[in-house]
Amino acid sequence: LIYETLANQKNSGLFEKVLGRINAIDNFTVIIAMLLGGIIANNIGMVNTYWLAVICYGAVLFCICLLKEPESKDRKNTDQSGFQMISKGIKLLLSHHMLFSAIITGMIINSTIVYLDEFITLYLRDNSVPLWAFGLVLALAYLSRGGGSMFAGKLTFFSRKKAFFMSPVH
């Protein structure tokens, strides 16, 4: 959606810069969520942070369904609702085994990382480290990542090959 929207506005050369800014905003919202999550967990319990996350994910899914695909000269019928796009996406995944496998692998890797964060939280709690401090430590880690994303557009002097191999580092 981002690239097509920029291409329609004749600004496709700004893609890396815009995507970097979007990733930076994403990282900074994660920082805020970690700080708030640490405070919430410290004050009213760790389980409540999960309920808050479920509510937020539901709101995000609703917002995604409100998105409209940008106009394109290459495609007909671009006036589709988010629900139609999600339905077509699911059908596409189910019809392409390799794509489906790649998505599932990414989900497994991501959930493994999330579980590591959660086990660290329990370890810190059991060793009398306040939960708000854990939110602060993770927020500082994401702060460096967010700062790097802000300048992604300026890092295009690297070749795509070098940038690809550097990407897992963040």
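**Figure 1. Helices along the chain.** Helices here are DSSP runs of H or I with at least four residues, numbered from the N terminus. In this predicted model, the protein chain follows the pattern α-α-α-α-α-α-α when read along the sequence. That comes to seven helices and zero strands.

**Figure 2. Surface and contacts of the protein chain.** The protein chain has 170 residues, and buried residues make up 14% of them.

**Figure 3. The largest pocket.** The volume of the largest pocket is about 1500 Å³. It is lined by 32 residues, and those closest to its centre are Ala33, Met34, Tyr57, Val114 and Asp117. Four helices each supply at least two residues of the lining: H2 (15–44), H3 (46–65), H5 (97–126) and H6 (131–150). By class, the lining holds 21 nonpolar, eight polar and three charged residues.

Figure 4. A disulfide is a covalent bond between the sulfur atoms of two cysteines. The cut-off used here is 2.5 Å between the two sulfur atoms. For Cys63, the closest cysteine sulfur is in Cys65, 9.2 Å away, so the pair is too far apart for a bond. By this rule, the count of disulfides is zero.

**Figure 5. Exposure of Cys56 and Cys63.** Cys56 has 42% relative accessibility, so Cys56 counts as partly exposed. Cys63 is also partly exposed, with a relative accessible area of 46%.

How values were computed:
Residues numbered from 1 in each chain as written. Predicted model: local features only at pLDDT ≥ 70, side-chain atom pairs only at ≥ 80, totals over all residues. Heavy atoms only, no water. Buried < 20%, exposed > 50% of the residue type's maximum accessible area, 1.4 Å probe, protein only. 1 Å grid on protein atoms, 1.4 Å probe; cavity = no way out; pocket = protein on both sides within 12 Å on 5 of 7 lines; lining within 4 Å. Points joined across faces, edges and corners; volume = space filled by probe spheres on them. Nonpolar A, V, L, I, M, F, W, Y, C, P; charged D, E, K, R; others polar.
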